[in-house]
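Please report on selected residues of this model.

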Amino acid sequence: MNEELAALLGTPWFGQRTTVQLAETLSLAGLRIFLFLISVLALRRGKGLFLQRHGWSHRLAGLLLLIWLIIGVMFVVVDVRQDQPTVTLSRLHILLYDVVLGCLGTAATLSAARDFPHKYVKNARKGQSGTLEEAAIVTQSEMIEHSFYQFLNLWQALYLHSVASTTLSASSAGVVDGDSMLWSLLSWTALGIVTLPWWVRKSWFPVHSFSANWKTNSMEEDTRLRSSVELFLYRIKKWQYVFYKHVILHGVNLTLATRPSQLVHTRSWRIFWIALNMSYVMEFFLQSMVKNKRLGVLSQAAMLCLQRLLMTSSSMAALTILGNVRPELCLLSLVLNFWRRHHDVTNTLFIGGVMIVIDQYRQRQSE
């Protein structure tokens, strides 16, 4: 390990591959440290957190999800080498891991909404999130909204694996990606399917605005909030969400629709995917440990420190994906989002269709 790190640091800093490898190493180290600390805290109060009769289904789902994340960060990532998709773990094993991860994340969220129904909980500010503030509580509508994104992770994972499998099969058969209009039509159709959940996003699920976390009712409260660590983290989370939606979600999906690849099997994606799923569940789990004063698991200050570690590690993991997406597609997605809000399906299909036609035209012109 020391020899690898020394060789890595000894190479030119401005090399793109070297920078990505360094970001992967630091991100993975941060995720492992975070999970180690969480595991120690959970083991110390394991009986109170996981073995109580009340809410047993959520406690069980949460425990299994924690174990599954540990397996992922210790084994699934390790066996995926850069630029070498075919490794000890087969493609089927990685697919099964992602499917189970998505199912456990969705189950943990929905079971929390059922077993701990905070339906009548009202925080001081309307729409305020309970994931960071000590005085606020996670509401049931927040849990239901969160389940949409957990399902979205599973849906996108299936899309990425189907693209990787199709690309491999086409390559084996001697078919070049994008050679025919039929291939382009299939890619565009798959893009529509993976984006389809956004069609029911607003009508079936609650929507919470990030700005509700810094809108105040008094000057005194506004002054206090502006200097708080929580507000700083909420603002970071907002822009992380914008990055996720238009780069990681729509950007990646559009890129693979126009230029199919086996992104899902690369080391960069494996690290990022663990980080994303970990971030989704841990913001709720950490707040639960803070709120449980009887067990005394975690203080507010310690929770915020852990959040910083997780957010930093996740951000580094996300940056390693940038070389695998087409920036013009991400930018178009962002622009259309401001121009035509809540029209993710038609916006994405429009961008995908136009880019496929343009790519087909450029290819024919170059022949």
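His342 sits in the loop that joins helix H13 (327–339) to helix H14 (344–366). Helices (H or I, at least four residues) are DSSP runs, numbered from the N terminus. His342 is partly exposed, at 48% relative accessibility. In sequence, His342 and Trp198 are 144 residues apart; in space, their C-alpha atoms are 8.1 Å apart.

This is a predicted model, in which local features need pLDDT of at least 70, side-chain atom pairs count only at pLDDT 80 or more, and totals for chains, interfaces and linings use all residues. Residues are numbered from 1 along each chain as its sequence is written, and side-chain values use heavy atoms, with hydrogens and water left out.

The table lists relative accessible areas. Buried means under 20%, exposed over 50%, and partly exposed in between (1.4 Å probe, protein chains only).

| Residue | Relative accessible area | Class |
|---|---|---|
| Phe36 | 55% | exposed |
| Cys305 | 46% | partly exposed |
| Cys103 | 39% | partly exposed |
| Phe243 | 25% | partly exposed |
| Ser147 | 5% | buried |

Now the core. A nonpolar core is a set of buried Ala, Val, Leu, Ile, Met, Phe, Trp, Tyr and Cys residues joined through side-chain atoms within 4.5 Å. The largest one has 72 residues. Ile38, Trp269, Phe272, Met278 and Met282 have the most contacts inside it. Helix H11 (residues 267–291) gives the most to this core, with 15 residues. In soluble globular proteins, nonpolar side chains tend to be buried together.

Contacts here mean heavy atoms within 4.5 Å. Residues up to four places away in sequence are not counted for Trp269, which touches Gln156, Leu160, Ile248, Val252, Leu263, Val264 and Ile321. Ser147 belongs to helix H6 (residues 140–172). With the same exclusion of up to four places, Ser147 touches Thr109, Leu110 and Phe205.

Phe243 is part of helix H10 (residues 229–258). Beyond four places in sequence, Phe243 touches Ile248, Ala318 and Leu322. Phe243 and Leu319 are 76 residues apart along the chain, with their C-alpha atoms separated by 10.0 Å.

On the surface, Ile33, Phe36, Leu37 and Val40 form a nonpolar patch with about 350 Å² of accessible area together. Patch members have over 30% relative accessible area and no salt bridge, and nonpolar side chains are joined within 5 Å. A salt bridge is a side-chain nitrogen of Lys or Arg within 4 Å of a carboxyl oxygen of Asp or Glu. Areas come from the Shrake-Rupley method with a 1.4 Å probe. Phe36 is found in helix H2 (residues 16–44).

How many disulfides are there? The count is zero, where a disulfide is a pair of cysteine sulfur atoms within 2.5 Å.

Terms used. Patches are made of residues with over 30% relative accessible area and no salt bridge: like charges are joined within 9 Å, nonpolar side chains (Val, Leu, Ile, Met, Phe, Trp, Tyr) within 5 Å. Helices (H or I, at least four residues) and strands (E, at least two) are DSSP runs, numbered from the N terminus.
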